[in-house]
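Me: I would like to learn how to read aromatic rings in a protein model. Could you take me through it step by step?

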Amino acid sequence: MTELSIPLDREPRFVAPIDFEPAFEVRLDFEPVRSEQTPHGERRMRKIIGGSITGKIAGSVYPNGGGDYSLGRSDGVTDLHTHIVLRDDKGEWLYIRNIGYARMDGYQRVTSWVDADVRSDHNWVLGLFFVGVIEPLGEDSVLIRYAEVL
C-alpha cells in the first residue's frame with residue numbers, strides 16, 4: 001500500500017500565515033465605454049484618461065497609458081482586465097495589471113501585480129501580490145483600494 005505524505009512545502013511549519021496591509025488607492029477616470037459583441041460575451045473597452053494614486057505611492061495616472069478590457073459573460077459576471085500606467089511625484093514610472101471579477105451584486109475585486117524599475121524607490125512592490133476592492137465613483141470613474149498580501 002502507498003504511504004500518504006504531505007509534501008515538504010505544505011507542512012504547517014513551512015506555510016506562512018496570510019495577512020493584508022493597506023498599500024495605496026488609485027482613482028481611474030475613463031473615456032465612455034465602447035462595447036462589441038464577441039463569441040465569448042460583450043467586450044467592453046475603455047481608455048484610461050487620468051486619475052491619481054495616494055498612499056505608499058503618490059502620483060498620477062498617465063493619461064492614455066492604459067485601459068480596461070473587460071468581458072461581460074452570459075452569467076452576469078464581468079471578467080476584469082485592466083492595465084494602468086502611473087507616474088509618481090518624483091517622475092518614476094509604475095505599471096499595474098489587474099485581473100478580477102465584477103458581479104451584479106456589487107462585488108468587485110481584482111488581483112494585481114505592480115511592476116517598477118528595480119533601481120526605483122518603489123522596488124518594494126516587485127514580487128508581491130496586491131488585492132484591490134473597486135468602488136464606482138460614477139459612470140466613468142472608479143476608486144480601487146489596494147492591499148498588499150503579506
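**Rings and their neighbours**

Reply: The charged end of lysine 56 sits over the ring of tryptophan 124, 5.3 Å from the ring centre, where "over" asks that NZ of Lys or CZ of Arg be within 6 Å of the ring centre and within 35 degrees of the ring normal. Arginine 97 lies over the face of tryptophan 113, 4.5 Å from the centre of that ring. This is a predicted model, in which local features need pLDDT of at least 70 and side-chain atom pairs count only at pLDDT 80 or more, while totals for chains, interfaces and linings use all residues. Residues are numbered from 1 along each chain as its sequence is written, and side-chain values use heavy atoms, leaving out hydrogens and water.

Me: How is a pair of aromatic rings described, and how many aromatic pairs are there here?

Reply: A pair is described by the distance of the centres and the angle of the planes. Rings of Phe, Tyr and Trp (its six-membered ring) pair if their centres lie within 6.5 Å, and planes under 30 degrees apart count as stacked, over 60 as edge-to-face and the rest as tilted. By this rule there are five aromatic pairs. Phenylalanine 24 and phenylalanine 130 have ring centres 5.4 Å apart and planes at 45°, so this pair is tilted.

Me: Are phenylalanine 24 and phenylalanine 130 buried or exposed?

Reply: Buried means under 20% relative accessible area, exposed over 50%, and partly exposed in between (1.4 Å probe, protein chains only). Phenylalanine 24, at 2%, is therefore buried, and phenylalanine 130, at 0%, is buried too.
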